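Here is a walk through a model with the sequence and coordinates side by side. Keep both open while you read.

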Amino acid sequence: MPNKIEVLNIKKSFGSLGTIENVSVSLEKNKFVSILGPSGCGKSTLFDIISGLEKPDRGDIIIDGINCIGKTGKVSYMHQKDLLLPWKTILDNACISLQVKGLRIRQARDKAGTYFNLFGLSGFESYYPNQLSGGMKQRAALLRTYLFSDDIMLLDEPFGGLDAITRRSMQLWLLGLLKNFKSSILFITHSVDEAIFLSDRIYLFSKRPAIVKATFDINIQRPRDYKTFTSAHFNEIKEKIINLLQVE
Amino acid sequence: MLIAIWEIISRTGSVPSYILPAPSIIIYSLFSNFSLMGRHILVTVYETLVGFIISVFLGIIIAIIMDGLPFVKKVIYPLLITSQTIPIITLAPLFIIWFGYGYLPKIIIVILICFFPISINLLQGLGSVDIELINLLKSMGASKYQIYKIVKLPASLPSLFSGLKIAATYSIMGATIGEWVGGKDGIGVFMLRAKYSFATDKVFGAIIIITVLSICLLKLIEFIERKSMPWVAYEKNDTLGEQI
């Protein structure tokens, strides 16, 4: 199967600060791939490069077979912060990505509105972001990301700012949601549990300047549920990853 | 309390009424002269509003141009600052010479006073928009126009309104200064005439009118501010709680 994203030998430094030393990552169609690593190891920089916001010093970004260095608008990108605009209602926030793609606001609202139920937001269309809870804001941001491109999505620690309980239920919710979609997802996290639970494959990054330290294929069968967290296979992988993290 | 003491002092005759007339006399003269003042008030309000509205457009356009094109900012910004160091009262006679005794020189003075705070505040607002929000739209491949329309302009509305409020409080004063230096009618002219005839009560009356007009304009802007930024009302509210 052709890869949706092929990251080849990317190197990036900011001045004398080497952020990414040499990183290659590939994302297959309809797969969920996580990038796991310590804070500040250049994971977000890698996403900035894939989305076209930053240019690498060296290396290539191949998206759907085409070299896309410095080209924006190819993939949808969800940042760690929800980045919802406080002056727009949740519905209009979700519409932004459709508006950027050239839809008129009326059409955009019609289209976005049909997804509110699926994203657990129905009834809150006319609320402002500040009226919503953290979990709801993240789902609204995810909806906006999904509406821009349901093909390839980059999710940068979408649940990083949530409390442990909300986070767990968001992970379960996301897995349920993805059953309906044909998206390929690249996901950043520094939670080992989250990475194993959600992913088909995990790339373990080293400290800055980052290299890929190890790759894990997660073969835990789907559908996964809350019992997955305590299964033997899960803990086996978890132990391996934690041991590798300890070495640093 | 202050007004009561003022009233007593004036009534006892310790201060002559051509220096400090009693508040009751001021109010009385305000009402009895209102038909005469009405025309002057209308002229001043007209000059202020025209000047203010032009300043709003001019201020917004200049701020956007400076924000969007850094080299233009480099050229214009020092000029703007310098222009503000020239006392407006010294320019007013020049405008009278150039543009005559009509409404135009007053409107120009209002513009000169008002557009600066509007422009500078908006410029600062545009410059301090969260870079991550802009990057989010850039990552979607949004055009410059879309970035301004969707993020930058709405995000800098609070700055724009604080500029508008500063401008509003100065605007009536600007028109009055213009009338003072030379004109046929307006509150400034009325004040000048009252001053020459030592009608101190009328001077105070004019001051009250100017204050009331300024406050009205300020309140109008605050009203528009609330209406155009409905989300602000929710910012201090509690969230609905975790509803997962």
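Where is the place of A:P223? A:P223 sits in the loop between β10 and α7 (232–247) of chain A, where helices (H or I, at least four residues) and strands (E, at least two) are DSSP runs numbered from the N terminus.

## Ground rules

This is a predicted model, in which local features need pLDDT of at least 70 and side-chain atom pairs count only at pLDDT 80 or more, while totals for chains, interfaces and linings use all residues. Residues are numbered from 1 along each chain as its sequence is written, chains are lettered from A and ligands numbered from 1 in the order in which they are written, and side-chain values use heavy atoms, with hydrogens and water left out.

A:P209 belongs to the loop between β9 and β10 of chain A.

You'll find A:E157 in the loop between β7 and α5 of chain A.

## The sheet in chain A

Chain A has an open sheet of ten strands with mixed pairing, in the order β5-β4-β1-β2-β10-β9-β3-β8-β7-β6; two strands pair if DSSP finds at least two bridges between them. β5 (66–67) and β6 (76–78) of chain A are at the edges with a single partner strand each, so one side of each has no neighbour in the sheet. β6(A) pairs with β7(A) in the parallel sense over three bridges, and A:M78 has A:L155 in β7(A) as its bridge partner.

Now for β10(A). Strand β2 (residues 17–28) of chain A runs parallel to strand β10 (residues 210–217) of chain A, and two bridges join them; A:I20 has A:A210 in β10(A) as its bridge partner. Strand β9 (residues 201–205) of chain A pairs with β10(A) in the antiparallel sense over five bridges. There, A:F205 stands opposite A:V212 in β10(A), and a hairpin of four residues joins β9(A) to β10(A).

## Two domains in chain A

The contact (heavy atoms within 4.5 Å) takes 14 residues from domain 1 of chain A and ten residues from domain 2 of chain A.

How much area is buried between domain 1 of chain A and domain 2 of chain A? About 1100 Å², with carbon and sulfur atoms giving 81%; buried area is the accessible area (1.4 Å probe) that two parts lose on being put together, summed over both. On the domain 1 side, A:M153, A:W173 and A:F181 lose the most area to domain 2 of chain A, together 42% of what that side buries.

β7 (152–156) and α5 of chain A each supply at least two residues of the side of domain 1 that touches domain 2. The largest share of that side, five residues, comes from α5(A).

## Where chain A meets chain B

Here 34 residues of chain A are in contact with 27 residues of chain B. The buried area between the chains is about 2700 Å², and carbon and sulfur atoms give 66% of it. The count between chain A and chain B is two salt bridges. B:D130 forms a salt bridge with A:K81, with the closest N and O atoms 3.5 Å apart.

On the chain A side, α2 (90–100), α4 (134–148) and α5 (164–178) each supply at least two residues that touch chain B. The largest share, six residues, comes from α4(A).

Over all chains, the count is 16 salt bridges. In chain A, A:E194 forms one with A:R167, the closest N and O atoms being 3.0 Å apart. A:E194 lies in helix α6 (residues 192–198) of chain A and A:R167 in helix α5 of chain A, so the pair ties together parts that are 27 residues apart in sequence.

Note on methods
A salt bridge is a side-chain nitrogen of Lys or Arg within 4 Å of a carboxyl oxygen of Asp or Glu.
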